[in-house]
Amino acid sequence: MKFFIQSGAALGLLGVALGAFGAHALRGMLEASGRTATFETAVKYQFYHALALVLVGVLMQVFSSNPSIVKLLNWSGYSLLGGTLIFSGSLYILCFTGITWLGAITPLGGVAMIAGWALLLWAFV
């Protein structure tokens, strides 16, 4: 429970820092490499899923007396966290290094994020 709130808060904090850094200090480099949109996508998805992780942590506390819901929320949280790290992380690395083959693993992060949302839905169906 607490882990997902902490993870969401950390991803949110890093999202603000990276977004500001990208908009100011990295603007020229991102424009020159044509990676501005890629960087913005990484930050945007990191933020969405930071909030989702906080939500999962709060929901785990609210429904702590229902083990079946908590179990699904736990899986949801790990899927959202792992997916965000893979998705946004691979895009950040692509932007900073230009290593294009990392684009091949980005969809794996997307699939994990989709699974996290599906598990969140399943917990309350």
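Tutor: Contact here means that heavy atoms lie within 4.5 Å. The structure under discussion is a predicted model.

Student: Which elements are included in what covers the buried residues of α1?
Tutor: Helix α1 spans residues 2-24, and its buried residues are F4, S7, G8, L11, G12, G15 and G22. The cover over these buried residues includes α2 (27-33), α3 and α4.

Student: How far apart are the end C-alpha atoms of helix α1, and what span should its residues give?
Tutor: Helix α1 has 23 residues, and at 1.5 Å a residue these should span 33 Å. The expected span takes 1.5 Å times one less than the number of residues.

Student: How far does α4 reach from its first C-alpha to its last?
Tutor: Helix α4 covers residues 67-97, a run of 31 residues. At 1.5 Å a residue, 45 Å is expected. The reach in the model is close to that value, at 44 Å.

Student: Which residue just after α4 takes a positive phi?
Tutor: Helix α4 is made up of residues 67-97. Just after α4, a positive phi of about 80° is taken by G98.

Student: Is T84 buried or exposed?
Tutor: T84 is found in helix α4. Beyond residues up to four places away in sequence, T84 touches L11, Q46, H49, G89 and M113. The cut-off for burial is under 20% relative accessible area. T84 has 2% relative accessibility and therefore counts as buried.

Student: Which residues does S76 touch, not counting those up to four places away in sequence?
Tutor: S76 also lies in helix α4, and at 0% relative accessibility it counts as buried. With residues up to four places away left out, S76 touches V56, G116, L119 and L120.

Student: Which residues touch the most other members of the largest nonpolar core?
Tutor: This core has 17 residues, and the elements that give two or more residues to it are α1, α3, α4 and α5. V56 touches F4, L73, S76, G77, L80 and L120, residues up to four places away in sequence being left out. The members of the core that touch the most others are L53, V56, M60 and L73.

Student: How many residues make up the other core that lies apart from the largest one?
Tutor: The other core includes L30, Y92, L94 and M113 among its members. The number of residues in this core is 11.

Student: Why is the pair of Y45 and F87 tilted?
Tutor: The chain has 8 aromatic pairs. In the pair of Y45 and F87, the ring centres are 5.0 Å apart. Planes under 30 degrees apart would count as stacked and those over 60 as edge-to-face. The planes of Y45 and F87 stand at 45°, so the pair is tilted.

Student: How many residues apart in sequence are the parts that Y45 and F87 tie together?
Tutor: Y45 is partly exposed, with a relative accessible area of 31%, whereas F87 is buried, at 13%. Y45 lies in helix α3 (residues 36-62) and F87 in helix α4, so the pair ties together parts whose separation in sequence, in residues, is 42.

Student: What kind of pair do the rings of F63 and F124 form?
Tutor: F63 sits in the loop between α3 and α4, and F124 in the segment after α5 (106-123), 61 residues apart. F63 is partly exposed, with a relative accessible area of 29%, as is F124, at 38%. The ring centres are 5.0 Å apart and the planes stand at 65°, so the pair is edge-to-face.

Student: How far apart in space are K44 and A104, C-alpha to C-alpha?
Tutor: K44 is found in helix α3, and it counts as partly exposed at 39% relative accessibility. K44 and A104 are 60 residues apart in sequence; in space, C-alpha to C-alpha, they are apart by 20 Å.

Student: What share of the residues in the chain is buried?
Tutor: The chain has 125 residues, and it exposes about 6800 Å², of which carbon and sulfur atoms supply 73%. Of the residues in the chain, the buried share is 39%.

Technical notes:
Residues are numbered from 1 along each chain as its sequence is written. This is a predicted model: local features need pLDDT of at least 70, side-chain atom pairs count only at pLDDT 80 or more; totals for chains, interfaces and linings use all residues. Side-chain values use heavy atoms; hydrogens and water are left out. Helices (H or I, at least four residues) and strands (E, at least two) are DSSP runs, numbered from the N terminus. Buried means under 20% relative accessible area, exposed over 50%, partly exposed in between (1.4 Å probe, protein chains only). Rings of Phe, Tyr and Trp (its six-membered ring) pair if their centres lie within 6.5 Å; planes under 30 degrees apart count as stacked, over 60 as edge-to-face and the rest as tilted. Accessible areas come from the Shrake-Rupley method with a 1.4 Å probe; for residues, only the protein chains shown count as cover. A nonpolar core is a set of buried Ala, Val, Leu, Ile, Met, Phe, Trp, Tyr and Cys residues joined through side-chain atoms within 4.5 Å.
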